[in-house]
Amino acid sequence: MKYYIGIDLGGTNIAAGVIDSEYNLIAKEVIATNAAADPLTTQKRMCELAKKTAKSAGIPFEQISSIGVGVPGTANQKTGIVEFACNVGFINEPVVKNMSALLKKPVFIENDANAAALAEFVCTSDKKCKNLVLVTLGTGVGGGVVIDGKLFRGSNFAGAELGHIVIKKDGRECGCKRKGCFETYASATGLVNTTKEFMIKDQSSKLWEISGGLDGVDGKTAFDAMRLNDKTATAVVNQYIDDLSCGITNIVNIFQPDILCIGGGISAEGETLLKPLREKVALEQYARYSDKKTFIKKASLSNDAGIIGAALSGLY
């Protein structure tokens, strides 16, 4: 049996896990990212976490075959450099060189959403599925695309940055420096910002009671208040799903995949999110009259997809 470590570097948390050659996740560890830290410090912390995770799994680190790192940005597999990952402050970081020197093991890098899409495709999709898109709703919006059974990376490894399609011209400023990106509205961060905007307009909303104030707002706040029949919270959720459906419909129209998976923290809302999303996309998608339409579903591997996919990155 061979063992691999996958590290999922996010804007909020760093998660690492050990998988075996049958794709079973044996152990998992999570730490806070501290996005303000310098990139080399973050890489050293990822190395420490990898060793800690192997120990948690009861696997001697010497038996780990390789380490894969999923990063929220452009990961150049040829050079081993993370060229741009705005949410963690990486610009032209030689991650493979740095981490392989520290770990004395082969290290591979992959875009985090590409890694998650690979995991969903390899581990959970039907054999009839040849084309799959994963959209992750986390600190940002990630995208991973599998076409004819192969990851689509683009000619410069920056393909499938689905969070950076614009859905509102001259809208909110994004970390990528564009305005109105899908990410600025459909991510958990975007939902938090929308919730705050509505709260400021309605001081009597239950959103204030649930959150304890603007600083306490998170990705669940609006959904929780909606379940208490708060009108303003319901308006927030409706606005969020409208924004989400706009971007998802664009993605469906471009790729027409067999399956589109929704992952990330907000996907925990399940059918509360997915049912109205499917209805809106069905009305707006170009192939609305086709017998063969994209099936939108919750990602099967949840938050573990990025870890498993990162671990697999050196194998595909």
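The model is predicted, so local features need pLDDT of at least 70 and side-chain atom pairs count only at pLDDT 80 or more, while totals for chains, interfaces and linings use all residues. Residues are numbered from 1 along each chain as its sequence is written, and side-chain values use heavy atoms, with hydrogens and water left out.

Let's start with Thr 74, which sits in strand 5 (residues 74-76). Helices (H or I, at least four residues) and strands (E, at least two) are DSSP runs, numbered from the N terminus. Is Thr 74 buried or exposed? Its relative accessibility is 10%, so Thr 74 counts as buried; buried means under 20% relative accessible area, exposed over 50%, and partly exposed in between (1.4 Å probe, protein chains only). Setting aside neighbours within four places in sequence, the contacts of Thr 74 (heavy atoms within 4.5 Å) include Ile 81, Phe 84, Phe 157 and Glu 161.

| Residue | Phi | Location |
|---|---|---|
| Asn 92 | about 50° | strand 7 (residues 90-93) |

Asn 229 counts as exposed because its relative accessibility is 67%.

Finally, look at helix 5 (residues 188-201). Its 14 residues reach 20 Å from first C-alpha to last, close to the 20 Å expected at 1.5 Å a residue; the expected span is 1.5 Å times one less than the number of residues. Among the buried residues of helix 5 are Gly 190, Leu 191 and Met 199. The buried residues of this helix pack against helix 4 (183-186), helix 6 (206-211), helix 7 and helix 8.
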